[in-house]
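Open your viewer and let us walk through this model together. Each stop tells you what to select and what you will find there.

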Amino acid sequence: MKNTNKRTIRLFTAIAPMIGSRDVVSALRESIRQMAASTVDLDFADIAFISRSAAHEFLVLKDELKKRNIDLQFINAENEVAEMLRVVAANRTVPRAKDEPHFERVSLDALFA
Amino acid sequence: MKRVVVLQPKNESLLASLESVYKWIKEAQGERAHFDLSGVTWKSPLLLAALASYIQNTGSSYESGSDSYLDCVHFPKGVNSMSAFEEAVQRSKTYIPISILRSKNGSSREQLETLFIDMVKRILAVQLPGVHDAISYPITELITNVLEHSGAEYGLIFAQYYQTKKYLDICVVDTGRGLSASYMQEKGLDFSDEDAIEEAMKGHSTKQDKERGYGLRTSKNIVCKALGGEFVFVSGSAVLVSDGQRERLASLPGFYWQGVIVAYRIPKPSGPIDIYQFVE
């Protein structure tokens, strides 16, 4: 019988008001598996900022869990958090061409002149 | 124990601090030393963070004459917990303590990082759209790099806002494997330190995942292009100095930093900032 349990993880208390690093997002993987729920809401309420790396890790986690028939939803992601998730998701779909800056090789004397 | 005199930077520029750091690291040669700071009046985050990290890593010592500033910022040991950070800030209200972010500490580390960033924002006191994100982005990405790539047990971060000069200096340091070793160990690529920095800045991650490699280059772009600042990146025997117009790579002969030093300076923002045009 399909498990239709829905669980919620409030990220503000589970992690921190700002989420910067991949490892704390990755650690949610095990917590979610142990929940044995078919739907898990990641509640971003009161999260002030997530880094690009963390946003990417959340999206990768969502894809992985989908393959395991777990529906991971991002709820209450507002303003900058929503924008970061949106931009990173868009770049995963259609990667922006990476511009190639010109690196000038200089001597130490020239650098400290 | 070798005695190393830390030279006063010749001016207050980021490059002058880098030159001072270059000289003392070159002289110390990775060994335990006694550092004489008594002649240094311009103690930038770059100079102090690198020195704090070196002292902790090598069991070195220092002297500085009577200098309450070093006590206020908890040089060289720093603080490594939320309670220690809050206590430090309670005592010296406008100084941000050197903060140690340990890899293994997970969410308590994130909470300390949050406190650090919040303190920077509070001291900067700018309430313009996008500025908080612009402050948060490079700090979080640079710390993530320490945790994900360096193999180091901890990263050290330090910041100082200069009220009259209206700029903010930040430095993130680790004593991990460094960029060149990361490329070798993760991908079997043999790069010199200069080439490794160039590859990283082009967005070529040391990790296998093609969706990675954006954090460092976008952080540099936000610092230099969105915020009008300067960015210095040291790993091994090479350095990149970027100011949004020029990207200069140089070899540092006789010098070796095991790990990475990132230092940047941003003027106090005076208008709204949109970092998302630089996020890839």
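What percentage of the 280 residues of chain B count as buried? The share is 55%, where buried takes 20 or more other C-beta atoms, placed from the backbone, within 10 Å of the residue's own.

Before you go on, a word on the source: this is a predicted model, in which local features need pLDDT of at least 70 and side-chain atom pairs count only at pLDDT 80 or more, while totals for chains, interfaces and linings use all residues. Residues are numbered from 1 along each chain as its sequence is written, and chains are lettered from A and ligands numbered from 1 in the order in which they are written.

Chain B has nine helices and ten strands, taken as DSSP runs numbered from the N terminus (helices: H or I, at least four residues; strands: E, at least two). Its C-alpha trace spans about 50 × 45 × 35 Å along the principal axes.

Next, bring in chain A. Here 34 residues of chain A are in contact with 37 residues of chain B, contact meaning C-beta atoms, placed from the backbone, within 7 Å. On the chain B side, colour helix 6 (131-150), one of the elements that each supply at least two residues; helix 6 gives the most, with nine residues.

Last, zoom in on strand 6 (residues 104-106) of chain A. Strand 6 of chain A pairs with strand 9 of chain B in the parallel sense over three bridges; pairing takes at least two DSSP bridges. Pick A:Arg105 and you will find its bridge partner, B:Leu249, in strand 9 of chain B.

Definitions and conventions. Two residues are in contact if their C-beta atoms, placed from the backbone, lie within 7 Å. A residue is buried if 20 or more other C-beta atoms lie within 10 Å of its own, exposed if 12 or fewer, and partly exposed in between; C-beta atoms are placed from the backbone.
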